[in-house]
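Hi,

Here is the structure I promised to pass on to you. Have a look at it first, and then read on for my notes.

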Amino acid sequence: MSKINHEKKPLISKKIDRFFIGLASAFSFVKMFFQEVFKPPFEFKEIIRQCYEIGYRSLPLISLTGFIVGIVFTNQSRPSLSEFGATSWLPALISIAVVRAMGPLVTALIAAGKVGSSIGAEIGSMKVTEQIDAMEVSAINPFKYLVVTRTVATTLMIPILVMYTDFVALMGSFINVNQNELVSLSTFFVQVFEAISFLDLFSSLIKSLVFGFTIGIVGCYKGYNSSKGTEGVGKAANSSVVMAMFLIFIEELLALQIVNAIRYA
Amino acid sequence: MLNQDRGKVVEIRGLKKSFDDNHVLMGVDLDLYKGENLVVLGKSGSGKSVLIKIMVGLLKQDEGSIRILGTDTDGLTLKELNKLRLKIGFSFQHSALYDSMTVKENLEFPLTRNIKGLSRKEIDKRVDELLDAVGLPQSVNQMPSELSGGQKKRIGVARTLILNPEIMLYDEPTAGLDPITCMDINKLINQVREQFNTSSIVITHDLTCAKETGDRMTVLLDGQFKATGTFEEVFAQASDQRVKSFYDYNFIK
Ligand SMILES: Nc1ncnc2c1ncn2[C@@H]1O[C@H](COP(=O)(O)OP(=O)(O)O)[C@@H](O)[C@H]1O
Ligand SMILES: [Mg+2]
């Protein structure tokens with residue numbers, strides 16, 4: 001590998017160097033994931049354990065947030081719709097908002113905070129206490145055992161959690177609609193399902209998979225590259241969250257463009 | 001006393017390693033003979049850990065050659081390197097126990113992942129043997145966080161021994177331990193050699209440990225070995241004032 005001489009370069013140029021070195025190393029980290037993920041052994045036991053951890057960690061907060069988002073969004077949308085005498089459209093409106101955007105986004109952001117940070121901290125502390133080195137010297141592939149399992153687990157679990165969030169948010173909305181518009185549960189859900197298309201569900205699924213992958217791989221990458229000391233672990237956890245949230249927003253915007261292009265093609 | 005007739009298990013020549021402008025190793029030569037304990041003495045930051053990490057392929061040297069058990073480590077594929085790694089036990093300075101696993105799981109982990117098809121009974125038996133060897137059979141179901149520093153060291157050693165390595169590398173085995181626990185660990189290092197027929201490199205800045213465990217010792221200073229021989233030889237003949245000061249600091253102070 002060629003060494004970059006940091007001494008003689010001005011600060012800006014050093015920062016640019018560091019950015020591209022970081023980008024290259026992140027890219028090769030992702031590449032390594034795809035090289036390892038399809039190779040046996042598959043570590044099913046560890047993947048299942050991680051899935052359980054992820055669900056267990058994020059479920060309480062996701063339930064609460066989803067439910068409240070459902071109620072608040074319904075309540076806030078009502079005045080605008082009632083101006084046109086269109087409050088009967090509330091279930092359809094909420095359905096579209098929740099399934100297309102809010103469900104995946106709320107779930108992914110909460111999971112980035114709860115799961116991403118704990119993956120970053122856990123792997124970061126394994127790095128600084130030389131547990132990763134210990135695996136390597138006993139001929140165990142730590143990338144496979146730690147990174148692949150966690151990233152697969154988040155990629156599988158986020159879509160499931162998104163479906164759950166969608167459901168909880170719609171239930172929150174139903175309670176509000178039921179109280180105000182006296183709509184029954186079955187009528188509410190008929191309207192909900194009429195409003196959403198296959199494209200909505202499919203794109204929501206793909207988006208959730210991508211969000212899940214992002215949360216897992218970013219947490220692992222930050223942990224794996226954390227600097228020495230307890231301070232490094234804290235930084236790894238923190239920057240996992242910041243980086244994952246940033247990427248999730250970018251991905252959301254990209255997905256919006258792509259889905260709109262398909263929808264109106 | 002010396003085991004030079006028994007042949008070399010490690011031969012290092014002209015080893016160099018720098019991190020940018022930090023020249024850590026500047027031409028290190030080292031021989032480890034079968035069955036001996038070689039102590040590498042050096043103050044912290046002198047590159048002791050770097051030396052043994054290069055030996056197991058955790059870091060890569062800039063220059064120089066390493067032969068371990070007849071295998072040249074340069075240009076090995078990962079598979080070949082891993083095969084060699086199984087013959088080397090690495091005891092980490094802070095033990096590096098997997099903190100999400102119990103003691104038993106820590107020991108099983110390298111075993112079951114490298115030797116396929118062991119029965120539950122065989123695994124349990126091997127774990128028990130090693131916990132007995134390091135004197136901690138009662139810790140089998142404890143978590144690493146419940147162990148003292150000395151106990152962690154012992155479990156770390158047990159974990160590296162579970163694959164029957166021919167060479168042991170101890171990174172500062174007594175650092176951060178009280179004097180009595182240090183004595184126990186020194187005894188353990190000598191006992192491991194007898195019981196498991198290992199050849200060892202013991203890295204330390206603790207002269208008592210060096211004296212108790214080493215057949216031979218060498219002093220790492222400015223990226224090179226400055227004095228090599230038995231404990232008495234090194235300090236009797238030391239021409240370098242800093243080698244002497246090592247002794248003075250440890251024993252006279
Ligand atoms: N991975 C690394 N990257 C950069 N510098 C390192 C790395 N590992 C060790 N060093 C540097 O090499 C020198 C020797 O470190 P080390 O071998 O850990 O010392 P010790 O003799 O105390 O074990 C130190 O100056 C340390 O900062
Ligand atoms: Mg060290």
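In what handedness does helix 3 of chain A pass helix 5 of chain A? The crossing is right-handed, the term for a near helix turned clockwise from the far one by less than a right angle, with anticlockwise giving left-handed.

Before the rest, some housekeeping. This is a predicted model, in which local features need pLDDT of at least 70 and side-chain atom pairs count only at pLDDT 80 or more, while totals for chains, interfaces and linings use all residues. Residues are numbered from 1 along each chain as its sequence is written, chains are lettered from A and ligands numbered from 1 in the order in which they are written, and side-chain values use heavy atoms, with hydrogens and water left out.

**Chain A overall**

Chain A has eight helices and zero strands (DSSP runs numbered from the N terminus: H or I of at least four residues for helices, E of at least two for strands). The C-alpha trace of chain A spans about 70 × 45 × 35 Å along its principal axes.

**Helix packing**

Two packed helices are described by the angle between their axes and the distance between the axes. Here the axes are lines fitted to C-alpha atoms over the stretch in contact, and angles run from 0 to 180 degrees between N-to-C directions.

- Helix 3 (residues 90-128) and helix 5 of chain A have axes that come within 7 Å and cross at roughly 145°. Their contact has 18 nonpolar, six polar and four charged residues (Ala, Val, Leu, Ile, Met, Phe, Trp, Tyr, Cys and Pro count as nonpolar, Asp, Glu, Lys and Arg as charged, and the others, Gly among them, as polar).
- Helix 1 and helix 5 (residues 142-181) of chain A pack at about 95°, with axes 10 Å apart. That makes helix 1 of chain A roughly perpendicular to helix 5 of chain A (65 to 115 degrees; under 35 is roughly parallel, over 145 roughly antiparallel, and the rest oblique).
- Helix 1 (residues 11-37) and helix 7 (residues 198-224) of chain A have axes that come within 11 Å and cross at roughly 120°, so the two are oblique to each other. Helix 1 of chain A passes helix 7 of chain A in a right-handed crossing. The residues that meet include A:Gly22, A:Phe29 and A:Phe33 in helix 1 and A:Phe213 and A:Tyr221 in helix 7. This contact has ten nonpolar, two polar and no charged residues.

**Two backbone details**

Most residues other than glycine have a negative phi, and most peptide bonds are trans. The bond from A:Pro40 to A:Pro41 is cis, with omega near 0°, and A:Pro41 is in the loop between helix 1 and helix 2 (44-83) of chain A. A:Glu130 has a positive phi of about 65° and sits in the loop between helix 3 and helix 4 (131-137) of chain A.

**Ligand 1**

The residues surrounding ligand 1 (a heavy atom within 4 Å) include B:Phe19, B:Asn22, B:Lys43 and B:Lys48. Oxygen atoms of ligand 1 also make polar contacts (N or O pairs within 3.5 Å): one is 2.6 Å from a side-chain N or O atom of B:Ser49, and one is 3.0 Å from a polar backbone atom of B:Gly47.

Happy browsing!

Key:
Contact = heavy atoms within 4.5 Å. Polar contact = N/O pair within 3.5 Å; in protein donor to acceptor, adjacent residues only side chain to side chain.
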